[in-house]
Amino acid sequence: MLKRILTALWGIPLILWYIHLGDQIFFILVEVIACFGLYEFYNLLERRGYKTLKLEGIISGFLYLLFLYLESRWAMRIFLPLLILSIFIYELIKKEHSIIEVALTFLGFFYIPLLLGYLIILRNLPLGEQIIYFIIIITWVSDSAAFFIGKFFGKHKLAPSISPNKTIEGSIAAIVASAIIGLIFGGIYYERYFLPTILGIALGIMGQLGDLVESMLKREIGIKDSSSLLPGHGGFLDRFDSLMFIAPTAYYMLYLLRLL
């Protein structure tokens, strides 16, 4: 717990400062999270016996986020199809990896940089800085609510076959906390309460789902943390798993609810 608190004491202010600076600094932050996340993901698969295209996957993720930062439409419409086609052609020629290993390489790309790329898109929207603060705070607050309420009051297991420590009580606390953050966010920036609260609830639910997906992966591999790169927090996947599901949900829900 001490390591967890110490890491948070320097990590949280640093992340908030990078969000405020925006532009290249924020882009670099997202790149670091994505590349280390991919590195951890492919290492987990290697421990399971799969020989993924680790280097190609990490480089592809880096380039995708770079092109997304430079021009989002180009990244989505041109780079992504070309990337998929080129890797398949490369593997058809060399035949060094099974189709499952190629598919798992792509899974890492779609799971991490593709989802985290929505942070870059969101930061460039009107109220982009405030929106990023909003989803980051929801991620942290909901995770903390789930952890502490689940630890001290949780009695009913949420998904014992995936994550034995997660409880229904903790999950409900996370969603309620997210709804409160949405209510506050809506009152400050929109002078509206109902729709931002719905947004908060949706993000709280998706954050829980993102956490369960990563827990399922670790359960399959048979480990507790994705790495030890962040003392007290495990790895980058452990810390940002909820955010990877929250960011794209926030983007589409903001448009759906006409909050942009």
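**Spaces and helix contacts in a predicted model**

The second largest cavity holds about 40 Å³ of space; a cavity here is a set of points on a 1 Å grid over the protein atoms alone where a 1.4 Å probe fits but cannot get out, with lining residues having an atom within 4 Å of a point. Please keep in mind that this is a predicted model, in which local features need pLDDT of at least 70, side-chain atom pairs count only at pLDDT 80 or more, and totals for chains, interfaces and linings use all residues. Residues are numbered from 1 along each chain as its sequence is written, and side-chain values use heavy atoms, leaving out hydrogens and water.

**Cavities**

- The second largest cavity is lined by Asp23, Phe26, Phe27, Tyr69, Ile120, Arg123 and Asn124.
- Helices α2 and α6 (113-123) each give two or more residues to that lining, helices being DSSP runs of H or I with at least four residues, numbered from the N terminus.
- Around the largest cavity sit 11 nonpolar residues, with no polar and no charged ones; Ala, Val, Leu, Ile, Met, Phe, Trp, Tyr, Cys and Pro count as nonpolar, Asp, Glu, Lys and Arg as charged, and the others, Gly among them, as polar.
- The largest share of the lining of the largest cavity, four residues, comes from α2.

**Helix α2 against α10**

- α2 and α10 (residues 236-256) pack at about 115°, with axes 9 Å apart; axes are lines fitted to C-alpha atoms over the stretch in contact, and angles run from 0 to 180 degrees between N-to-C directions.
- The two helices α2 and α10 are therefore roughly perpendicular, a label for angles of 65 to 115 degrees.
- Their contact (heavy atoms within 4.5 Å) involves Val32, Ile33, Phe36, Gly37, Glu40, Phe41 and Leu44 of α2, together with Phe236, Leu237 and Phe240 of α10.
- That contact of α2 with α10 has eight nonpolar, one polar and one charged residues.

**Helix α7 against α8**

- α7 (residues 128-153) and α8 (residues 168-189) pack at about 150°, their axes 7 Å apart.
- This pair, α7 and α8, is therefore roughly antiparallel, the label for angles over 145 degrees.
- Residues in the contact include Phe134, Ala145 and Gly150 of α7 and Ala173, Gly182 and Tyr189 of α8.
- By class, 15 nonpolar, six polar and one charged residues make up the contact of α7 with α8.

Key: Parallel < 35°, antiparallel > 145°, perpendicular 65-115°, else oblique. 1 Å grid on protein atoms, 1.4 Å probe; cavity = no way out; pocket = protein on both sides within 12 Å on 5 of 7 lines; lining within 4 Å. Points joined across faces, edges and corners; volume = space filled by probe spheres on them.
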